[in-house]
Every structure is written in C-alpha cells, then in structure tokens.
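Trainee: Could you take me through this model step by step, with the criteria stated as we go?

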Amino acid sequence: RAAAKGLARDSATTGSKTDRGGDRLVARRGGREATGSSDMTSALASQLQVVAASRPQEERLRGKASLLYDIREAADIDLQTIYSVGLQGVNELTRLDGRFEQYSKSLFSRAGSEQNRELMDREANAKLDQQIEGYLRLLSGYYLNPAATKTLEYLIRRYKIHVHNVDAAVTCALPYHSTPEFVKLVQLCNLENTSFYWLKGVKETGAAPPRDRLVQRSLRDMAFFSFVADTAATAASQKGVPGSASSFYAVLLTETIAEMKKVESSVVPRLLPYLEAGLAPAASAEQYAGALMVGVQLSISASLALPLTEALLEGVAKGARAPLHAQALQALLAICASQRIRDLPSRAFKHLVKMPDLPSRVADMCEKYEAESLVVPLVRALAQSATQHANYERVLGGVVNEVKLSDVAVRAL
C-alpha cells in the first residue's frame, strides 16, 4: 500500500496518472499541463512538417505527378490509360532502336503494369531498380523525343521513379539541362537525400541551370566530378547511343579540367575508364571525338607520367577513323607538344602509319600549325624503321616529297 501511495503521489506531482493496465500514461485533464508537454507538442508539430515536406508535391496538392498533364488533371486519368500511353511510347522507341524491345517485355509488360512496388520485398525492388536504371541509361539519348516522355509518364505513375529512382531519372535528363523538359522532370522529383539535392533551386524557381553552373559544381564537388566521369565512361561503352549525351559529358569534363588551377593526382584515375572507352576502335565517331577533347585538355593542363602519355598517344592513333583523321593528328600534335615527346612510342607509331593518305594529311597540318612536335618524332621513327617494312618506306618517301619541313624541324632532324 505504501508503495502504491508513493507512486500515486509521484504521478500526481508530474500531472499524469497510470491507467488500469499500467502500460500507458495519460496527461491529467484540467488544471496545469504536465511538465514538458508543450515542448513535446512543438517537437511533434515539427516532425509532422518534415514528413509533409518530404512527400511528393502531387500528394500534398491531391494530384498525380505528370510530365504530360497538370497534376490535378492527371489525377482523373486512370493507370490503364497511362499504361496505354507508355506502351505506345516504348513501341515508337523500339522502331528507332531495337534495344528498347527488351523493356516492352518487362517494365512495360501487362504483368509489370499490375505490380505495386510498395508491396514488393527488398530483393524484388532491387531487381526492378536495375531494370529501371538500365532503361533510363538507354533512354538518355532519346530524352527529347516525345515518345520518351510517354514512357516516363508511365514509369512515374506505375513505379514512382520520381521518388524511388531520382538519381537515375535526373541523370537521364542531365544532358538536356537547359531545356524545359529537364526542368519539369526536376520539379517532379523528390531531391532530398539524393545526389542532385543541389538542384533544389531549379525545382523552386523553374530556371534551367546553365552549363557553367554544372562546371562550377564539378570543380567544387569531387563526388559530382566522379559521377560525370563514370557516366561518360558508361555512355562511351554503349553502342548505338546518339551523340548528344556523349558529347555533353565530354564538353563538361573538358571545361572542368580547363578551369582547374591544378589537376590533382586524384583526377587522372577517374578519367581513365572514359578515355579508354572513348578512344577504342569500337566507339562511335561522336564518342571518339569527345575523348579526343578530354585527352588533349588533360595533356595541356597536367604533366602526365610517361606510361600514361604513351597509352594516350596509342589510343588516339589506334582509334583514328574517318571523318576524324585530321582531328586525330591535331590531338597527337597537342599531346606531343604539351608533354615534350622526343620519340614516338612504337605502338602509337605502328597505328599511325596505317592512316590513309598520311603524308598529305601531315602536309596539310604543317600548313596550318607549327607541327614540329609531331613531325620530327614521326620522321625520325620512319627513317629508323624504313628497312623493316615496305609501308614504312613508302610513307617516308611520301612525307619527304609532300611535307614542307620548317627550318626548326630540319635542324632537329
């Protein structure tokens, strides 16, 4: 009894009493509020505001997220109609690029349209994320095509990619950052706790970010720079990707490197996968041209280790193809000049002498540029190798007959 009375007194002192089950405290009605209850109410209100702010905009406005419709108008359009729109879009894309067909049998299948990812377990959601990310990587090259918007409309409604796959969705659209289509997608996305949280201003103002802002972000944020380099490497590794996405990342990387006061040692390894993929013979002409830009800017901005310089020269020479032979020679010249190459690496030389009409192309280059940095090592290598292969002798003869060597080049030889 004494213990019970003591507990009752303590409870009365704090303004609360214990219910019959003893499991729950109930605030005393009437009289003075329990100590700290006002603070608890304020804290609870703050938490509710955070939860409300984290909800997608369309839920707060009692609408449906949409790229095609006003969010309130979209609320009156059922999922089956949106599915028909998405299916039409993926069929149109498949006629442009056969790689989309695989997704018509998964993400855009009838069975897929009946999935509710919020009722799926973690493993099933992880598998779904892989499919969505693969699709969005492929879609990036076609983002401005109206058919792409139709498919995104369905992915937003059915799979809520603007909530669960924000990084992949924004990455898909990033090459088109200056367009209204990019802004509208960003405004739909829940950017909190994603890699693109810094685009919050775009979401609020509706103003498209200029490229120089992306360059500045890449300069300040090494994580974003790494993302750009990795995404560029992935784009360069894909066959058949239209040039817009690939060229965007090449320009962004080039301008970022050019703005660096000093190229830190950590930067170079991040660029190697992209350079390797972009300079490969299997890369498209657009991908190769982008890698030339990045490789040349890197060589101008940094003093590279000799093995890396030799690998870069080899990649440029080996990947050279029409209609970019002149650009390949200019890149070789820039690298040789900036890295002060005296002897042309043997592997780069063997690929270079296979270039069609090399003597006439070198002659054209010499008329436009001070080309001694490439011409001298090339002529020296040809002279040393002329007796080893008939082609080397033929190319040497062509260079001697067609290329007007400068006094500087003659003295160097």
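Predicted model: local features only at pLDDT ≥ 70, side-chain atom pairs only at ≥ 80, totals over all residues.

Mentor: Residues are numbered from 1 along each chain as its sequence is written, and side-chain values use heavy atoms, with hydrogens and water left out.

Trainee: How many helices and strands does the protein chain have?
Mentor: Helices (H or I, at least four residues) and strands (E, at least two) are taken as DSSP runs and numbered from the N terminus. Counted in this way, the protein chain has 25 helices and two strands.

Trainee: What percentage of the residues in the protein chain is buried?
Mentor: Buried stands for under 20% relative accessible area and exposed for over 50%, with partly exposed in between (1.4 Å probe, protein chains only). Of the 413 residues in the protein chain, the buried share is 46%.

Trainee: Among contacts between residues at least 6 apart in sequence, what percentage joins residues at least 24 apart?
Mentor: A contact requires heavy atoms within 4.5 Å. Among the contacts in the protein chain that span at least 6 places in sequence, the share joining residues at least 24 apart is 68%.

Trainee: Which residues lie nearest the centre of the largest pocket?
Mentor: On a 1 Å grid over the protein atoms alone, a pocket is an open set of points where a 1.4 Å probe fits, with protein on both sides within 12 Å along at least five of seven lines, and lining residues have an atom within 4 Å of a point. Helices α8 (122-139), α11 (166-173), α15 (222-237) and α16 (243-259) each supply at least two residues of the lining. The lining has 22 residues, and those nearest the centre of the largest pocket are R137, A168, T171, F227 and T231.

Trainee: Is T231 buried or exposed?
Mentor: T231 lies in helix α15 and, apart from neighbours within four places in sequence, is in contact with T171 and Y249. Because its relative accessible area is 16%, T231 is classed as buried.

Trainee: Which residues have the most contacts inside the largest nonpolar core?
Mentor: A nonpolar core is a set of buried Ala, Val, Leu, Ile, Met, Phe, Trp, Tyr and Cys residues joined through side-chain atoms within 4.5 Å. The largest one has 116 residues, and those with the most contacts inside it are Y135, L136, L155, L271 and Y274.

Trainee: Which residues of helix α12 are buried?
Mentor: The cover over the buried residues of α12 includes α9 (146-159), α10 (161-164), α11 and α13 (200-205). Within α12, which runs over residues 180-188, the buried residues are F182, V183, L185, V186 and L188.

Trainee: What separates the C-alpha atoms of I132 and L155?
Mentor: I132 lies in helix α8 and counts as buried because its relative accessibility is 0%. Not counting residues up to four places away in sequence, I132 touches L107, R117, Y159, I161 and N165. I132 and L155 are 23 residues apart along the chain, and their C-alpha atoms are separated by 8.4 Å.

Trainee: How far apart in space are F225 and L253, C-alpha to C-alpha?
Mentor: F225 is found in helix α15, and its relative accessibility of 0% is why F225 counts as buried. Leaving aside neighbours within four places in sequence, its contacts include L253, M260 and L271. F225 and L253 are 28 residues apart in sequence, and their C-alpha to C-alpha distance is 8.0 Å.

Trainee: Which peptide bond is cis?
Mentor: Most residues other than glycine have a negative phi, and most peptide bonds are trans. P323 has its place in the loop between α19 (306-319) and α20 (325-338). With omega near 5°, the cis peptide bond is the one from A322 to P323.

Trainee: What is the phi of N193?
Mentor: N193 lies in the loop between α12 and α13, and is exposed because its relative accessible area is 83%. Although N193 is not a glycine, its phi is positive, at about 60°.
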